[in-house]
Number of protein chains: 2
Amino acid sequence: MLQGKILVAQGGGPTAVINESLVGALTESRKFASVEKVYGALHGVSGIVNEDFIDLTQETSHNLERVARTPCSALGSTRDKPDAKYCKEIFKVLRAHEIGTFFYIGGNDSSDTLRILSEQAAAAKYPLRGIHIPKTIDNDLTVNDHTPGYPSAARFVASAFAGINQDNMALKGVYVGVVMGRHAGFLAAASCGCRSFKDDAPHLIYLPERDFNMKTFISDIKKVYGRLGRCVVAVSEGIHDSSGKPIASKLATAVERDAHGNIQLSGTGALADLLTSAIKEKTGIKRVRGDTFGYLQRSFLGCVSGIDRKEARQVGEKAAQFAHFLGRNGSVTIHRVGEYAAEYKLSALEAVAGKTKVMADKYIAKSNNDITAKFVDYLRPLLGPGMTPIGRLDPANRVRKILGK
Amino acid sequence: MLQGKILVAQGGGPTAVINESLVGALTESRKFASVEKVYGALHGVSGIVNEDFIDLTQETSHNLERVARTPCSALGSTRDKPDAKYCKEIFKVLRAHEIGTFFYIGGNDSSDTLRILSEQAAAAKYPLRGIHIPKTIDNDLTVNDHTPGYPSAARFVASAFAGINQDNMALKGVYVGVVMGRHAGFLAAASCGCRSFKDDAPHLIYLPERDFNMKTFISDIKKVYGRLGRCVVAVSEGIHDSSGKPIASKLATAVERDAHGNIQLSGTGALADLLTSAIKEKTGIKRVRGDTFGYLQRSFLGCVSGIDRKEARQVGEKAAQFAHFLGRNGSVTIHRVGEYAAEYKLSALEAVAGKTKVMADKYIAKSNNDITAKFVDYLRPLLGPGMTPIGRLDPANRVRKILGK
C-alpha cells in the first residue's frame, strides 16, 4: 500500500518529457487516501542528503500541467553516485522526514543508485519502497522496448537531418552531424526518421556498436559523393576504434570525467571538427561542414513526440499504482505490443540497474554504415504524429536547353 | 505588366520559409492572364548560365503547398556572385528563352547580383524586369523592418535557449551557445525570446555590433556565476576584437572564403571550444559546455514562426503584383505598422543591394553584454504564436529541514 510521505527525485541528463513522469507520479499518488504528502528532492540524491525538499502537495494542478510540458528536470538533477556512506546519510534524512517511498526518475545510473539504496535500506532494516521510473534519451535501458525521452530526442534528430538534407541539396557538399549516444547508437540511428525519397539523407550512419575506421569512413564518403555530388553523415559521439578507444578522446588534451567514470563527449565540437578536417584533407572536397547537436537534442523547447509525452506521464502514474497495488520494489518498464501500443510492467531493479542495452544486430546494416528497414519499423511510431511532410519540385518538368552548352 | 515568361531563383543560405516566397511568386504570377510560363532556375544564377530550368507551371497546386512548407531552397542555391562576363552569359540564356522578368529570392548578396544584372541589362538594352524578394536569417537587409527567414530562425534560437535554461538549472554550470550572424547580432539577440523569470537565461549576450574583449567576457561570467551558481551565454559567431578581426578567425589554420569574400564561420565548433576552454582555464569552473547551433537554426524541420510563413508567402505574391501593377525594378521590403502588422513596398534595388543593417544602439544594453527591453518589444511578435509556456515548481513550498546540517 502506498502511504505516508512519498519522495520523488530526478537524476541524470534531462529530457523533453521527464517532468511528465514527475507530475504523473505525483498526481497518481495523491489519488490514494493513504498518502499524506509528496515531497520532491532538489537535484536528485544530493538534495536528499541536504534535506532540500519541496512539498509538491502544495502545487496547483494548473501549474503542474505547465511544468509537465516544460523540458528538463523541474526538480534539478545530479551526477552523484551514492556509495555506502552516502546512503547512510540518505537514510538519516528519510527517517527524520518519515519517508517510506522513493520514486527515482532516471537512467541506468539512477536505477543503480536506487538498487544500492534498496540494498542498504534492507540491511539497515529501513522499510523503503523504491521504484525506478525510466528516462534516457540514449534509449539504453535493458528490458524496456524504449525509454521515455528517447522518442522526443529522436524526433529532434530526425527533424534536424530532414532539414539538413534539404540544406545540403540546396548548397551541395559534405555534412557531418554528431549526435549524442555514448554506448548505444539509437539516437544517431534516429537520423533516418524522415528519409523518404531515394537519395534522402543521412547517406551514412556510424554507430558505437561497430568499430570505427577512418579509412573506411573516407572511402564511404567518396563513394556517396561520387554518386550524388553530396553526402550527409550521422555520427554517434561514442564511436571508437577497434581497441574500444573513443575517437573523441583521441583529441581531448584534458579528458573530463563524471562520478560514474564517463568521459565528457558532449559540450564540445571537437569530434565533428576532427572528422570534417580529415574529410577535407583526404578527399579534396571543399565544402565540408560539421555540427555537434549537443544539448539542444535533449532540451529544445517544443520538439516533443506525442507518444513520448503520453508514455512519460504513464510510467510516472504506473509507478504510484505498482507501489500501491503490487507493493514491491522495482523498475517500471515499457513493452511494445501490436502496431503500436505500449504496456507497462514492474521489473526487478537488478534487471535494469547499471546495465546498458545497445542496438541489436538486426537493426544495423551489414555495411556497418547504415541502419536496416527493421530499425525504421521500430523507430517510426515513436516519433509521434504531426511531422511536417517533405515536398520536392517535380524533376520531370525540366525545360529543354536551347543553347545547350 | 507582368507577361511572357517569368524566371524565379533562390540564392544564398536557405531559410525555413524561403519556399513560401517561391510558391507565392509563382502562384500570384499565374493569376495574370498575360503570363505564359514560370520557370525556376536550379541553384540560383549558376542555373541560369547552365540553362538548368524547371517549368514550374506544370507543378500541381497540392505539391506546391507541400513544397512551401518544406524548409530550404527547393530550387537549390548558390554562392556565385556574377561579374560582367557572368552577366553576359546570363543575358544570352534569358534572350534564348525569352524571359522578361526575373524574381531573385535572397539576401544582400543576391540583391546585389540582381542590381548588377539590371545595370548590365539596361546597358545591353535587354528589357529585363528584376524584382528582389527578401530573405535572410541574419536580418541584415536595410530598409526592411525585418526579413523573412529571421523570425523562424529567431524562434529556433529562442526555443533552444529556453530549453538550455532549464537544462542549466537542472545541472548547473556555464554554457556557451554560438549563434549565426556575421555582422549583425539579431539572431544571437533572439536568444532572449523566451526569458520570463528574473533569473532566466541567457544571462549574457555578445553581439558583433560591439568589440569583444576576453577579459571583460571572463569577468562578466564570474559575476553571473557568483550570483546564480550558473551562467548561460549567447555569442554571435561574428564577434571580433577592437581591430575588427573575428575571434573565430584567430583559430582557423586555413581560413575558407566564399566568392563574396566571406570567411567560413559556421560548420565548425572551434569558436565555442575556444571560449569554453578560456572560461575553464580562467575561472576554474569545472562544468563548462559549449554548443555551436550551426545549420540546424536555418533548416530545422517544424520550427517555423506562423508570422514568418505568412510574410514570406506575401513578399513572393507582392513581387508578382508590383511587377504587374508598378512595372519597375526594385526590392520588396517589409515595414512594421501598429502592434503588430506588416506592410509591403517596392524599394529601389540600390537601397538594399550589398548593404548591411546592424542592430541599432537602442537595442543593445549599455553594459554591451545584453539587449534592451526595446529589442524584446521588437522581437516578440515575430516569434509567432504557439510557443510552449514555461512552468516552474513553486520555490515557496520548501520543506523545513529537520536535521538542518
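Biologist: What joins E6(B) to strand E8 of chain B, and in which sense do they run, parallel or antiparallel?

Modeller: This is a predicted model, so read everything as computed. In it, 6 bridges join E6(B) to strand E8 (residues 231–236) of chain B, and the two run parallel. Two bridges are enough to call strands paired. One bridge partner of Val179(B) is Ser236(B), in E8(B).

Biologist: What pairs with E6(B) over 5 bridges?

Modeller: E9(B) does, again in the parallel sense. Within E9(B), Gly290(B) is the bridge partner of Val176(B).

Biologist: Why is strand E6 of chain B called largely enclosed?

Modeller: A residue counts as buried if 20 or more other C-beta atoms lie within 10 Å of its own. In strand E6 (residues 174–179) of chain B, 6 of the 6 residues are buried, so the strand is largely enclosed by the rest of the structure.

Biologist: Which residues point which way from E6(B)?

Modeller: Val174(B), Val176(B) and Val178(B) point one way. Tyr175(B), Gly177(B) and Val179(B) point the other way. Both groups are buried.

Biologist: Now chain A. What makes E7(A) and E9(A) edge strands?

Modeller: Start with the order. The open sheet has 4 strands, E7-E8-E6-E9 of chain A, with parallel pairing. Strand E7 (204–206) and strand E9 (288–292) each pair on one side only, and that makes them the edges. Neighbouring strands are turned by 15 degrees against each other on average, direction ignored.

Biologist: How do you know that E7(A) pairs with E8(A)?

Modeller: The cut-off is at least two bridges. E7(A) and strand E8 (residues 231–236) of chain A have 3, in the parallel sense. Leu204(A), for one, has Val233(A) as its bridge partner in E8(A).

Biologist: Which helices lie across strands of this sheet?

Modeller: Helix H8 (residues 214–228) of chain A lies across E6, E7 and E8 of chain A, at about 150 degrees to E8(A). Helix H9 (residues 270–283) of chain A lies across E6, E8 and E9 of chain A, at about 165 degrees to E9(A).

Biologist: How do you know that the radius of gyration of chain A agrees with a compact globule?

Modeller: With 405 residues, a compact globule would have a radius near 22 Å; chain A has 23 Å, which agrees. Along its principal axes, the C-alpha trace spans about 85 × 45 × 35 Å. Of the 405 residues, 59% count as buried. The chain has 13 helices and 11 strands.

Biologist: What does each chain bring to the contact between A and B?

Modeller: Chain B gives 67 residues and chain A gives 67 residues. On the side of chain B, H6(B) supplies the largest share, 9 residues. That side divides into 31 nonpolar, 22 polar and 14 charged residues.

Biologist: What confidence does the predictor give?

Modeller: Chain A averages a pLDDT of 93, and 96% of its residues score at least 70. The complex gets an ipTM of 0.94 and a pTM of 0.95. Where pLDDT is low, the predicted coordinates should not be read in detail.

Key
Residues are numbered from 1 along each chain as its sequence is written. Chains are lettered from A and ligands numbered from 1 in the order in which they are written. This is a predicted model: local features need pLDDT of at least 70, side-chain atom pairs count only at pLDDT 80 or more; totals for chains, interfaces and linings use all residues. The radius of gyration is taken over C-alpha atoms; the globule rule is 2.2 Å times the number of residues to the power 0.38. A residue is buried if 20 or more other C-beta atoms lie within 10 Å of its own, exposed if 12 or fewer, and partly exposed in between; C-beta atoms are placed from the backbone. pLDDT is the predictor's confidence in each residue, from 0 to 100. Two residues are in contact if their C-beta atoms, placed from the backbone, lie within 7 Å. Ala, Val, Leu, Ile, Met, Phe, Trp, Tyr, Cys and Pro count as nonpolar, Asp, Glu, Lys and Arg as charged, and the others, Gly among them, as polar. Axes are lines fitted to C-alpha atoms, for helices over the stretch in contact, and angles run from 0 to 180 degrees between N-to-C directions.
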